[in-house]
Amino acid sequence: MNYHAPSFVQLQVTQVTAAVGRKKIQIFTDGSCLGNPGPGGWAALLKYQKTEKMIAGQAADTTNNRMEITAVIEALKRLRQACEIELYTDSKYVMDGATRWLTGWKAKDWKNAAKKPVKNKDLWQLLEQQMSPHLIHWHWVKGHSGHPENERVDEAARTQAEQLK
């Protein structure tokens, strides 16, 4: 029996079929840290049709990157079913980690290109688990550039961090 890898067209059809019937939502995330490390906060805004939900949290001794990843994890945890997601972040670290680096890190036993242990491995593993049922379209937005939803989550994340000062 001959095995043939699926063609690009077959993969696209599979992705489209998997998305049919899924709720389409938007998620905007941000993390904040006062000092790095220091007190931190994260926030996410989830939008479905005309409904919005802002969620936020904090950590006493953390880094900005940990808060950025946590914001995405916590947003995805709130979803009760597989969704098609437009996810907006101002963190290239999170976006590139999730879309470009994660597969390689796993293949290299959680070592980065410099053969050093991947930072925040625990969170990357949680993120991968939370992403798995969803079809996520990642979007990078420039932070502090007037993007309305990004400004809202930035303020909420910073407020969380400031409460710990």
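Helices (H or I, at least four residues) and strands (E, at least two) are DSSP runs, numbered from the N terminus. The peptide bond that joins Asn36 to Pro37 is cis, with omega at about 20°. The model is a predicted one, in which local features need pLDDT of at least 70 and side-chain atom pairs count only at pLDDT 80 or more, while totals for chains, interfaces and linings use all residues. Residues are numbered from 1 along each chain as its sequence is written, and side-chain values use heavy atoms, with hydrogens and water left out.

Now for the whole chain. Five helices and five strands make up the count for the protein chain, and from the N terminus on they come in the order α-β-β-β-α-β-α-α-β-α. The protein chain has 165 residues, and 42% of them count as buried (buried means under 20% relative accessible area, exposed over 50%, and partly exposed in between, with a 1.4 Å probe and protein chains only). Contacts, meaning heavy atoms within 4.5 Å, can also be sorted by how far apart the partners are in sequence. Among contacts in the protein chain with a separation of 6 or more, 67% come from residues 24 or more positions apart.

Gln49, in the loop between strand 2 and strand 3 (51-62), is not a glycine, yet it has a positive phi of about 50°. Gln49 is also exposed, with 69% relative accessible area. Asp109 belongs to the loop between helix 3 and helix 4, and here too phi is positive, at about 55°, although the residue is not a glycine. With a relative accessible area of 58%, Asp109 counts as exposed.

Next come the helix pairs. Helix 2 (residues 64-77) packs against helix 4 (residues 121-131) at an angle of about 25°, and their axes are 9 Å apart. Axes here are lines fitted to C-alpha atoms, for helices over the stretch in contact, and angles run from 0 to 180 degrees between N-to-C directions. Angles under 35 degrees count as roughly parallel, over 145 as roughly antiparallel, 65 to 115 as roughly perpendicular and the rest as oblique, so helix 2 and helix 4 are roughly parallel to each other. Their contact is built from Arg66, Ile69, Thr70, Val72, Ile73, Leu76 and Lys77 on helix 2, together with Asp122, Leu123, Trp124, Leu126, Leu127, Gln130 and Met131 on helix 4. Sorted by class, the contact of helix 2 with helix 4 has nine nonpolar, two polar and three charged residues (Ala, Val, Leu, Ile, Met, Phe, Trp, Tyr, Cys and Pro count as nonpolar, Asp, Glu, Lys and Arg as charged, and the others, Gly among them, as polar). Take Thr70 of helix 2: it is buried, at 13% relative accessible area. Setting aside neighbours within four places in sequence, Thr70 touches Trp42 and Leu123.

Helix 3 meets helix 4 too, at an angle of about 100° with the axes 11 Å apart, and that makes the two roughly perpendicular. Tyr93, Val94, Gly97, Ala98, Leu102, Trp105 and Lys106 from helix 3 come up against Trp124, Leu127, Glu128 and Met131 from helix 4. The classes in the contact of helix 3 with helix 4 are eight nonpolar, one polar and two charged. Also in helix 3 is Asp96, a buried residue with a relative accessible area of 14%. The C-alpha atom of Asp96 is 9.3 Å from that of Trp138, which is 42 residues away along the chain.

Finally, the aromatic rings. The structure has six aromatic pairs, where rings of Phe, Tyr and Trp (its six-membered ring) pair if their centres lie within 6.5 Å, and planes under 30 degrees apart count as stacked, over 60 as edge-to-face and the rest as tilted. Trp101 and Trp105 have ring centres 5.8 Å apart and planes at 50°, so this pair is tilted. Both belong to helix 3 (residues 92-107), where being four residues apart separates them by about one helical turn. Trp101 is partly exposed, at 31% relative accessibility, whereas Trp105 is buried, at 10%.
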